[in-house]
Amino acid sequence: MAASPPIPARRSPVWRPFLWGAIPVILLIPAVAMQFTAGVDWTATDFLFAAVLLGGAAALFELAAWKIRDRIGRLVLAALLLGAVLLIWADGAVGVF
C-alpha cells in the first residue's frame, strides 16, 4: 500500500502582517500627536470608534480575500474598502454628510 502524499502546509499571505500591523500604527499617530499639540483631542470613544472601523474593514478584506484569488480583484476590493473607511472617518471627524 502506497503512502498518501503529505498535505502541504498553508502559507500565510504576505499582506496579512501589513494589514493587521497598520491598524495599531494608525491609532498611534493621534496618540502621539496628542502629546505635542492641543489640536488633536481624541477621547477613548474616538480611539474605540477608529479601532472598530479599521478592524472591521480589515476583517471584511480577509473574508473576501478567501474568495477573490486574482490580484486585480483584491486591489479593487482594497480600494473600495479604503474609500468607505475614509468616507466614514471624514464624516465622523467633521460631520459633513
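Reader: Is G83 buried, exposed or partly exposed?
Author: G83 is partly exposed, with a relative accessible area of 36%. Buried means under 20% relative accessible area, exposed over 50%, and partly exposed in between, with a 1.4 Å probe and protein chains only. This is a predicted model, where local features need pLDDT of at least 70, side-chain atom pairs count only at pLDDT 80 or more, and totals for chains, interfaces and linings use all residues. Residues are numbered from 1 along each chain as its sequence is written, and side-chain values use heavy atoms, with hydrogens and water left out.

Reader: Where is G83 placed?
Author: In helix α3. Helices are DSSP runs (H or I, at least four residues), numbered from the N terminus.

Reader: How far is G83 from A64, C-alpha to C-alpha?
Author: 16 Å, with the two residues 19 apart along the chain.

Reader: What about α2 and α3, at what angle do the axes cross?
Author: Roughly 165°, and the axes come within 10 Å. Axes are lines fitted to C-alpha atoms over the stretch in contact, and angles run from 0 to 180 degrees between N-to-C directions. The two helices are therefore roughly antiparallel (angle over 145 degrees).

Reader: Which residues make that contact?
Author: From α2, F49, A50, L53, L54, A57, L60, F61, A64 and A65; from α3, R74, L77, A78, L81, V85, I88 and W89. Contact means heavy atoms within 4.5 Å.

Reader: Switching to E62. Buried or exposed?
Author: Buried, with a relative accessible area of 10%. E62 is found in helix α2.

Reader: What does E62 touch?
Author: W15, R16, L19 and W20, leaving aside residues up to four places away in sequence.

Reader: And the buried residues of α2, what do they pack against?
Author: They pack against α1 (16-36) and α3.

Reader: Which residues of α3 are buried?
Author: G73, R74, L77, L81 and V85. What covers them includes α2.

Reader: What span should the 24 residues of α3 have?
Author: 34 Å at 1.5 Å a residue, and the end C-alpha atoms are 34 Å apart, which agrees. The expected span is 1.5 Å times one less than the number of residues.

Reader: What follows α3?
Author: G95, with a positive phi near 65°.

How values were computed
Parallel < 35°, antiparallel > 145°, perpendicular 65-115°, else oblique.
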